[in-house]
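Trainee: Here is the model I was asked to annotate. Please take me through the labels and the grounds for each.

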Amino acid sequence: MPKTVLAVDDRKGTLMLYEVCFRNSANYQLFTENNPINAFHVIDRKAREGTSIDLLITDLNMPELSGFDLIRNARAVSPQTRFMLCSGIEKSEAERLLGSLRAEGIEVRYLPPSYLWNTNKLLREVKSLIGE
């Protein structure tokens with residue numbers, strides 16, 4: 001059974017890049033959502049069905065709900081879900097910001113946006129986090 005990945009970004013162009021990267025992978029089933037509140041509802045529904053999302057990849061700055069708050073909310077209903085943050089901020093700044101989530105016991109890996117242009121790098125990062 002393929003691993004489930006939910007990519008969340010308010011920019012539809014970015015979501016299209018995820019779709020290109022995952023298009024030929026039989027190991028992963030990709031869901032995309034451009035609204036973080038709707039994404040949370042997907043995670044919550046899957047958790048209640050007993051079929052949780054394996055990996056949430058989210059942007060940081062989105063309207064209505066930040067990526068950090070989405071991760072916190074997702075962790076509350078689906079503790080087995082793993083997390084990646086893909087944002088245009090510098091890696092050092094992202095790591096500094098991710099420290100607050102890590103202090104709460106939530107492990108989040110930073111995914112450089114350039115990986116969206118390199119399918120092999122993106123899938124290698126995903127595999128290292130959740131397997132195949």
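Mentor: Helix 3 packs against helix 4 (residues 91-103) at an angle of about 25°, and their axes are 11 Å apart. This is a predicted model, in which local features need pLDDT of at least 70 and side-chain atom pairs 80 or more, while totals for chains, interfaces and linings use all residues. Residues are numbered from 1 along each chain, and side-chain values use heavy atoms, without hydrogens or water.

Trainee: Why are helix 3 and helix 4 called roughly parallel?

Mentor: The angle is about 25°, and angles under 35 degrees count as roughly parallel (over 145 roughly antiparallel, 65 to 115 roughly perpendicular, the rest oblique). Helix 3 and helix 4 are therefore roughly parallel to each other. Their crossing is right-handed.

Trainee: Which residues of helix 3 and helix 4 meet?

Mentor: From helix 3 come Phe68, Ile71 and Arg72, and from helix 4 Leu97, Leu98, Ser100 and Leu101, where contact means heavy atoms within 4.5 Å. By class, this contact of helix 3 with helix 4 has five nonpolar, one polar and one charged residues.

Trainee: What makes helix 2 roughly parallel to helix 3?

Mentor: Helix 2 (residues 36-49) and helix 3 (residues 67-77) pack at about 15°, with axes 9 Å apart. That angle makes helix 2 roughly parallel to helix 3. Helix 2 also passes helix 3 in a right-handed crossing. Pro36, Ala39, Phe40, Ile43, Asp44 and Ala47 of helix 2 meet Leu70, Asn73, Ala74 and Val77 of helix 3. The contact of helix 2 with helix 3 has eight nonpolar, one polar and one charged residues.

Trainee: How are helix 1 and helix 5 set to each other, and why?

Mentor: Helix 1 (residues 12-22) and helix 5 (residues 119-130) pack at an angle of about 80°, their axes 9 Å apart. They are therefore roughly perpendicular to each other. Tyr18, Cys21 and Phe22 in helix 1 meet Thr119, Leu122, Leu123 and Val126 in helix 5. The contact of helix 1 with helix 5 divides into six nonpolar, one polar and no charged residues.

Trainee: Which residues line the largest pocket?

Mentor: Met1, Pro2, Thr4, Gln29, Lys46, Thr51, Ser52 and Asp54 line the largest pocket. A pocket is an open set of points on a 1 Å grid where a 1.4 Å probe fits, with protein on both sides within 12 Å along at least five of seven lines, and lining residues have an atom within 4 Å of a point. The volume of the largest pocket is about 180 Å³. Its lining has two nonpolar, four polar and two charged residues.

Definitions and conventions: Axes are lines fitted to C-alpha atoms, for helices over the stretch in contact, and angles run from 0 to 180 degrees between N-to-C directions. Helices (H or I, at least four residues) and strands (E, at least two) are DSSP runs, numbered from the N terminus. A crossing is left-handed if the near helix is turned anticlockwise from the far one by less than a right angle, and right-handed if clockwise. Ala, Val, Leu, Ile, Met, Phe, Trp, Tyr, Cys and Pro count as nonpolar, Asp, Glu, Lys and Arg as charged, and the others, Gly among them, as polar. Grid points are joined across faces, edges and corners, and a volume is the space filled by probe spheres set on the points.
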